Amino acid sequence: MPTQERPASVGPTYVTTSDLSRLLRKTQLRTIPYTAAPSTMDSNCQCALVDATVGNITFTLQKASSLGAGSLLCVVKNDASAFLVVVSPASGDSFFPVNSPALSARGDNCLLISDGNLTWYKIAVRIASLPV
């Protein structure tokens with residue numbers, strides 16, 4: 001019996017944890033500390049360690065369209081100050097779900113994936129004060 005291929009445009013695409021792990025192992029993560037507000041993720045950065053000891057920081061991502069579909073970005077708060085790191089999409093872009101992650105404790109982080117158009121999908125957000 002011949003097999004039928006499912007058209008690419010039908011239904012959502014799901015990423016399993018093992019798929020994500022394989023993708024992360026293949027991704028070259030570069031860490032760049034940011035200490036000045038406001039900060040913007042540069043085009044060579046895939047993982048940013050953000051230092052908010054100088055005050056609250058709004059950390060603006062690159063345009064989702066500039067990196068292409070499936071591009072991963074990670075933002076981590078790496079200081080123990082009481083100041084926030086608020087992750088924000090570039091002008092014209094959005095998050096799904098809609099709220100911007102606010103990282104308040106050392107180790108808080110979010111992992112985002114681009115649709116290659118105008119949306120960053122939050123695929124993981126870890127807040128240290130919440131149970132894992």
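These legends describe close-up views of a predicted model.

**View 1. The largest nonpolar core.** This core has 17 residues, among which Phe 59, Leu 61, Val 75 and Val 87 touch the most other members. At least two residues of the core come from each of strands S3 (47-50), S4 (57-60), S5 (72-77), S6 (85-88) and S9 (109-114). In soluble globular proteins, nonpolar side chains tend to be buried together.

**View 2. Surroundings of Val 87.** Neighbours within four places in sequence are left aside here. Val 87 is in contact with Phe 59, Leu 61, Val 75, Phe 95, Ser 100, Pro 101, Leu 103, Cys 110 and Leu 112.

**View 3. Cys 74 and Cys 110.** Both cysteines are buried: Cys 74 has a relative accessibility of 15%, and Cys 110 has a relative accessible area of 0%. The search of the whole structure gives 0 disulfides. Cys 110 has the sulfur of Cys 74 as its nearest cysteine sulfur, at 6.8 Å, and is in no disulfide. The cut-off for a disulfide is a pair of cysteine sulfur atoms within 2.5 Å.

**View 4. Asp 51 in the loop between S3 and S4.** Asp 51 is buried but has no salt bridge. Lys 77 is the nearest side chain of opposite charge, 7.2 Å away. A polar contact of 2.8 Å links the side chain of Asp 51 to the side chain of Thr 53.

Notes: Residues numbered from 1 in each chain as written. Predicted model: local features only at pLDDT ≥ 70, side-chain atom pairs only at ≥ 80, totals over all residues. Heavy atoms only, no water. Buried < 20%, exposed > 50% of the residue type's maximum accessible area, 1.4 Å probe, protein only. Core = buried A, V, L, I, M, F, W, Y, C linked by side-chain atoms within 4.5 Å. Helix = DSSP H or I, 4+ residues; strand = E, 2+ residues; numbered from the N terminus. Contact = heavy atoms within 4.5 Å. Lys, Arg positive; Asp, Glu negative; His and termini not counted. Salt bridge = Lys/Arg side-chain N within 4 Å of Asp/Glu carboxyl O. Polar contact = N/O pair within 3.5 Å; in protein donor to acceptor, adjacent residues only side chain to side chain.
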